[in-house]
Amino acid sequence: MSDTFESVDLDRLRSGFGVKWGLDDDLLNAWVADMDFGIPGPVRHRLREVVDREDFGYPHWPGGDPVVAAFEQRMRDRYGWAPEPGRTRVFTDLIQILQVVIEHATAPGDGIALHVPNYPPFLASIHRAGRRAVPLPVLRGERGWEFPVDARRLRDEGCTMLLLVNPHNPTGRVFRREELRAFADAARELDLVVLSDEIHADLTYDPHRHVPFASLDDDTAARTITATSATKAFNLAATRCAVAHVGHEGVRRELDRAPLDYFGTPSLLGRVATVAAWRESEDWHRRLMHRLTRNRDLVADWSRESDVDCVPPEATYLAWLDFSRTRLTDPAEAVLRAGVRLSPGPEFAQHTDVVTKPFARLNFATSEALLLRVLAGIDGAVNG
């Protein structure tokens with residue numbers, strides 16, 4: 001399997017187990033947040049070593065969990081944040097982390113504040129847990145997307161937790177330090193637990209810089225659970241491995257009281273892939289960002305010539321498309337009829353009163369040739 005980014009093999013994509021290309025053989029799929037590229041060569045090499053050794057017994061880590069060590073080193077080297085030792089746990093994915101934190105940091109009926117639009121599984125998880133999603137509507141300003149926080153409203157709504165997604169999905173915005181400071185001030189004022197989803201941090205475009213929320217100050221670190229994974233930036237979703245740094249002492253004690261195997265454990269292969277991604281795959285990642293930057297610029301150029309509006313994302317390989325100026329009342333459905341599958345806007349505001357029907361999310365992590373076909377399909381739907 002090639003790890004180049006100039007072309008993708010649709011036969012390979014359609015023949016696998018992935019949901020992105022597995023629903024319909026006739027569509028161009030630009031929805032689920034998987035990349036159409038392969039995986040880093042070092043990841044492939046380390047996984048093959050395990051297979052060749054037939055090394056599938058119960059794992060043993062005499063020097064400590066290698067995922068934890070790789071995470072802590074990456075945070076120090078890449079973002080200048082030194083996670084407090086002994087507070088990092090390994091989970092299967094960020095949805096599990098959110099569900100665990102909800103159950104151990106909030107009570108049924110509590111409000112959980114988050115910016116909307118937002119990642120659909122997060123909204124669904126909050127609803128299923130019997131908590132209330134308290135939306136902080138994302139606003140379109142003169143300089144792009146704006147992310148307000150209203151401490152009075154959060155108090156009135158009975159919020160006990162703030163969920164940050166930074167970089168933001170689906171808009172691709174990278175929060176500025178002053179914005180994070182405003183969120184931290186509100187969390188301090190209301191004594192909120194903060195879950196900071198930073199899984200897209202490694203997909204930040206120059207000149208923007210990701211700032212870990214827990215790195216702001218000691219008080220912020222002491223109320224924050226930082227969640228991340230190598231799966232998004234290194235195309236490893238199926239390996240099911242994520243980490244949570246639990247800065248909040250109350251949540252940490254609750255988790256420590258749980259039975260040893262209550263949360264399950266990611267597989268050996270997930271750990272091996274994660275460590276190889278974070279420690280050995282920088283060259284692959286550099287070339288990936290070059291390709292994604294070109295694709296992001298291609299989408300921006302297309303949008304300027306189209307009735308479809310798009311603020312270029314500052315991170316992620318996702319574009320939040322605004323069809324308000326077109327005649328389409330259900331953009332994702334109209335584009336689907338034109339042969340392209342996008343993620344429907346309403347999914348990103350479910351269980352809230354925020355209106356996102358004029359929007360759809362585009363995944364542009366593919367080859368330039370395939371992306372051009374996707375954009376042509378959207379044009380076909382828009383122009384009738």
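Let me begin with how the elements are named: helices are DSSP runs of H or I with at least four residues, strands are DSSP runs of E with at least two, and both are numbered from the N terminus. Counted in that way, the chain has 14 helices and 14 strands. What we are looking at is a predicted model, in which local features need pLDDT of at least 70 and side-chain atom pairs count only at pLDDT 80 or more, while totals for chains, interfaces and linings use all residues. Residues are numbered from 1 along each chain as its sequence is written, and side-chain values use heavy atoms, with hydrogens and water left out.

First, the chain as a whole. Taken along the principal axes, the C-alpha atoms fill a box of roughly 60 × 60 × 35 Å. The radius of gyration, taken over C-alpha atoms, can be set against a globule rule of 2.2 Å times the number of residues to the power 0.38. For 384 residues a compact globule would have a value near 21 Å, and the chain, at 21 Å, agrees with that. The accessible surface, from the Shrake-Rupley method with a 1.4 Å probe and, for residues, with only the protein chains shown as cover, comes to about 16,800 Å², and 50% of this belongs to carbon and sulfur atoms. I will call a residue buried under 20% relative accessible area, exposed over 50%, and partly exposed in between, with a 1.4 Å probe and protein chains only; of the 384 residues, 58% count as buried. A contact means heavy atoms within 4.5 Å, and among contacts in the chain with a separation of 6 or more, 74% are accounted for by residues 24 or more positions apart.

Now to the spaces inside the model. On a 1 Å grid over the protein atoms alone, a cavity is a set of points where a 1.4 Å probe fits but cannot get out, whereas a pocket is an open set with protein on both sides within 12 Å along at least five of seven lines, and lining residues have an atom within 4 Å of a point. Grid points are joined across faces, edges and corners, and a volume is the space filled by probe spheres set on the points.

The second largest pocket holds about 440 Å³ of space. Its lining has 18 residues, and those nearest its centre are Leu260, Asp261, Gly264, Thr265 and Arg271. Two or more lining residues come from each of β2 (88-91), α10 (249-257) and α11, with β2 giving the largest share, 3 residues.

Thr88, in strand β2, is buried, with a relative accessible area of 12%. Beyond its neighbours within four places in sequence, Thr88 is in contact with Val68, Phe71, Glu72, Val243, Ala244 and His245. Gly270 sits in helix α11, residues 268-280, and counts as buried because its relative accessibility is 0%.

Among the residues lining the largest cavity are Arg74, Tyr79, His210 and Trp278. Helix α3 (66-79) supplies the largest share of that lining, 3 residues, and the lining divides into 5 nonpolar, 4 polar and 3 charged.

Finally, some backbone details. Most residues other than glycine have a negative phi, and most peptide bonds are trans. Here, a cis peptide bond joins Asn169 and Pro170, with omega about 25°, and Pro170 is in the loop between β7 (159-165) and α7 (177-190). Another cis peptide bond joins Asp206 and Pro207, with omega about 5°. Asp191, in the loop between α7 and β8, has a positive phi near 55° and is exposed, at 58% relative accessible area. Asn235 also has a positive phi, about 65°, but this residue is buried, at 14%.

Note on methods: Ala, Val, Leu, Ile, Met, Phe, Trp, Tyr, Cys and Pro count as nonpolar, Asp, Glu, Lys and Arg as charged, and the others, Gly among them, as polar.
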